[in-house]
Amino acid sequence: MFHGSIVAIVTPFNNHAVDEEKLRELVEFQIENGTDAIVPCGTTGESSTLSYEEHDRVIQIVVEQVNKRVPVIAGTGSNSTHEAIEITKHAKELGADGALLVTPYYNKPSQEGLYRHYKAVADAVALPQILYNVPGRTGVNLLPETVARLAEHQNIVAIKEATGSLQQASEVLALCGDKLDVLSGDDFITLPIMAAGGKGVISVTANIMPKEVASLVDAFNAGNMEEARRLHLYLLKISNAMFIESNPVPVKTAVSLMGKCSDEVRLPLAPLMEANKAKLVAIMKEYKLI
């Protein structure tokens, strides 16, 4: 259902408020450069520091600006199942085409707890839902066997697999078959995951190089492995640079260096350290982004 190059879009701020004009401009930049779907309010969108009102407003802005040209998949995860249900309901009411739900963080639920959490949300909201497994940030790993159980639910359509493990992604693909689409959650392994049967990527790098990320996915889908491989290797250095510090600090700095929004982030995130910013600038100059 959701496939291709999907951007986890940054949320631009200006003087502590959401910069609605810049957000609309970023949406247009993505669509003009071939992005297949947009995720507002994901990790890269600093969802954890948005108020409930801001969260709804960011989704609303993106839905309005996209105007049905590509799917909008709203980040609606929470470590409270009740809260995740309510946020997902709001996203549906605002016109989102799907929801991306990160595993409950900090609680460290069992696999049964994870299963019940996701099933509760899927039962409560008739909206296509993407599981989001990123144990490096949440402290819990959604195991392939649990994913396979969840894949039986009609509202659970995909997983953003961000363990960085090709083995785990492959096990999910082997267990789920056509019941669930697998999307790479790490830019640096998009091509290997697609080679194993994945359907695309929810990308950080696409914030600054949307055309190239989309071209990689398109080349693979067209059977042009040589071009897909070239783009995979070409994008590796800049994709790694997006994690020189915690996401989304580097990518938001990069978007700012391109003149597309402020580099303002919210505490507890802090501006990119000067030494790392110098490294980022040098790499972006190599790619002729600035």
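In this predicted model, Pro248 sits in the loop between H10 and H11. A cis peptide bond joins Asn247 to Pro248, with omega about 10°. A cis bond also links Leu267 and Pro268, where omega is about 15°. Pro268 is placed in the loop between H11 and H12.

Asn15 has a phi near 55°, a positive value in a residue other than glycine. His16 lies in the loop between S2 and S3 as well, and its phi is near 75°, again positive in a non-glycine residue. Most residues other than glycine have a negative phi, and most peptide bonds are trans. Asn15 counts as exposed because its relative accessibility is 64%. His16, at 66% relative accessibility, is likewise exposed.

Thr11 belongs to the loop between strand S1 (4-8) and strand S2 (13-14). With 1% relative accessibility, Thr11 is buried. Its side chain reaches the backbone oxygen of Gly45 at 2.7 Å. Beyond its neighbours within four places in sequence, Thr11 is in contact with Val18, Thr44, Gly45, Glu46, Leu50, Val58 and Lys252.

The largest nonpolar core comprises 52 residues. Ile38, Val66, Ile208, Ile238 and Met242 have the most contacts inside this core. Several helices each supply at least two of its residues: helix H1 (20-32), helix H2 (52-66), helix H8 (190-196), helix H9 (210-221), helix H10 (225-241), helix H11 (249-257) and helix H12 (274-286). H2 gives the largest share, 6 residues. With neighbours within four places in sequence left aside, Ile38 is in contact with Ile6, Val7, Ile9, Val27, Gln30, Ile31, Val62, Val66, Val70, Pro71, Val72 and Ile73. A second, separate core contains 28 residues, including Leu101, Tyr115, Ala169 and Val172. In soluble globular proteins, nonpolar side chains tend to be buried together.

The axes of H9 and H10 come within 7 Å and cross at roughly 150°. H9 is therefore roughly antiparallel to H10. The crossing of H9 and H10 is left-handed. On the H9 side, the contacting residues are Glu212, Val213, Ser215, Leu216, Ala219 and Phe220. They meet Met225, Glu227, Ala228, Leu231, His232, Tyr234 and Leu235 of H10.

Definitions and conventions:
Residues numbered from 1 in each chain as written. Predicted model: local features only at pLDDT ≥ 70, side-chain atom pairs only at ≥ 80, totals over all residues. Heavy atoms only, no water. Core = buried A, V, L, I, M, F, W, Y, C linked by side-chain atoms within 4.5 Å. Buried < 20%, exposed > 50% of the residue type's maximum accessible area, 1.4 Å probe, protein only. Helix = DSSP H or I, 4+ residues; strand = E, 2+ residues; numbered from the N terminus. Contact = heavy atoms within 4.5 Å. Polar contact = N/O pair within 3.5 Å; in protein donor to acceptor, adjacent residues only side chain to side chain. Axes fitted to C-alpha atoms, helices over the stretch in contact; angles between N-to-C directions. Parallel < 35°, antiparallel > 145°, perpendicular 65-115°, else oblique. Left-handed = near helix turned anticlockwise from the far one by under 90°.
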